[in-house]
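Student: Could you walk me through a few features of this model and show me how to read them?
Tutor: Gladly; let's look together.

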Amino acid sequence: MYVLEQSIEILQDSNIIDLLVSAHINLGTVWLERITGSPENNLNRSIEQFKLALKKIEMIDPSSPIYNQIFVMANGNLGYLYWKKARVDLWDYSALLKNAENHFRLALDRIGTETSPLVQAHLHSGLGLVLSDRIHGGSELHEEAIRHLEMAISLLETEKSISVSDLGQTYHNLATIYRERKVGDRQTNIQSAESCFLKALDTFSIIDFPVHRRDTLRAFGMMYFEEEDWKQSSTYFQEAIQISEEIATSQKPLRGKMNATTASLASQPIAC
């Protein structure tokens, strides 16, 4: 962190704008992934750095490929950061979600051939989650959220070898949206949610992703509980409990045991 801060100070008076912008983005990522100190302060400092990166790229030719890359990365991460902040700052919840939505849309509007399918998928997934969280936005936003998550899944399927956890998380998130969907036939929505939960479970093996599998089983069980299907609910809850017990007693580091809400465009959160 200190090295990046010193680099920024040195580059401020130079004409090497692309390096200065990259330093701001890297420092923003460091603050985002920091596990010590105040989480709120880390979040705010990360937002500050990505905003500075956006301000500095105004000095770069917009037709340059590097402009697009930086613009997409900075706005995508700001979208994620504002979404994350909204989940802990309920006082400004609506305004923060709107900020998140705006940044994700700006990023998606500038994606080009240089933007990898994986990054595009994360942007669509991020916007889908933001729209699904805007509970007063109406069914139209909810339907758009479904379209963005479906697009994310389509893109992730092409990158399946390097995005297994992202694919499973996106199936989980789409299942949650179908479970909460207010329009259309209820039974059809439940069947769609069931299909997505099962695909998530196919992705989250108990060996590689025990925590993700447990969380998906819990959500799956809760859906059946809400539908008063006690037998199915019990089946999934029992498996989730078994995995929790195995995690608690395991003496080995667990692959896949990670905080699903503390990564930038490298990983996507699981909806509750």
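Predicted model: local features only at pLDDT ≥ 70, side-chain atom pairs only at ≥ 80, totals over all residues.

Student: Which residue has a side-chain polar atom 2.8 Å from the backbone oxygen of Asp166?

Tutor: That is Thr170, whose side chain places a polar atom 2.8 Å from that oxygen of Asp166. Thr170 belongs to helix α8, which covers residues 164-180.

Student: Is Thr170 buried or exposed?

Tutor: Buried means under 20% relative accessible area. Thr170 has a value of 1%, so it counts as buried. Beyond its neighbours within four places in sequence, Thr170 touches Ser125, Leu149, Ala152, Ile153 and Leu156.

Student: Which residues make the nonpolar surface patch of about 320 Å²?

Tutor: Met222, Phe225 and Trp230 form it. Phe225 sits in helix α10, residues 210-226. With a relative accessible area of 43%, Phe225 is partly exposed, because that class lies between the buried limit of 20% and the exposed limit of 50%.

Student: And how many helices and strands does the whole chain have?

Tutor: There are eleven helices and zero strands. Of the 272 residues in the protein chain, 49% are buried. Among contacts with a separation of 6 or more, 63% join residues 24 or more positions apart.

Technical notes
Residues numbered from 1 in each chain as written. Heavy atoms only, no water. Patch = residues over 30% accessible without salt bridge, like charges linked within 9 Å, V, L, I, M, F, W, Y side chains within 5 Å. Areas by Shrake-Rupley, 256 points an atom, 1.4 Å probe, with all protein chains shown as cover. Salt bridge = Lys/Arg side-chain N within 4 Å of Asp/Glu carboxyl O. Helix = DSSP H or I, 4+ residues; strand = E, 2+ residues; numbered from the N terminus. Buried < 20%, exposed > 50% of the residue type's maximum accessible area, 1.4 Å probe, protein only. Contact = heavy atoms within 4.5 Å. Polar contact = N/O pair within 3.5 Å; in protein donor to acceptor, adjacent residues only side chain to side chain.
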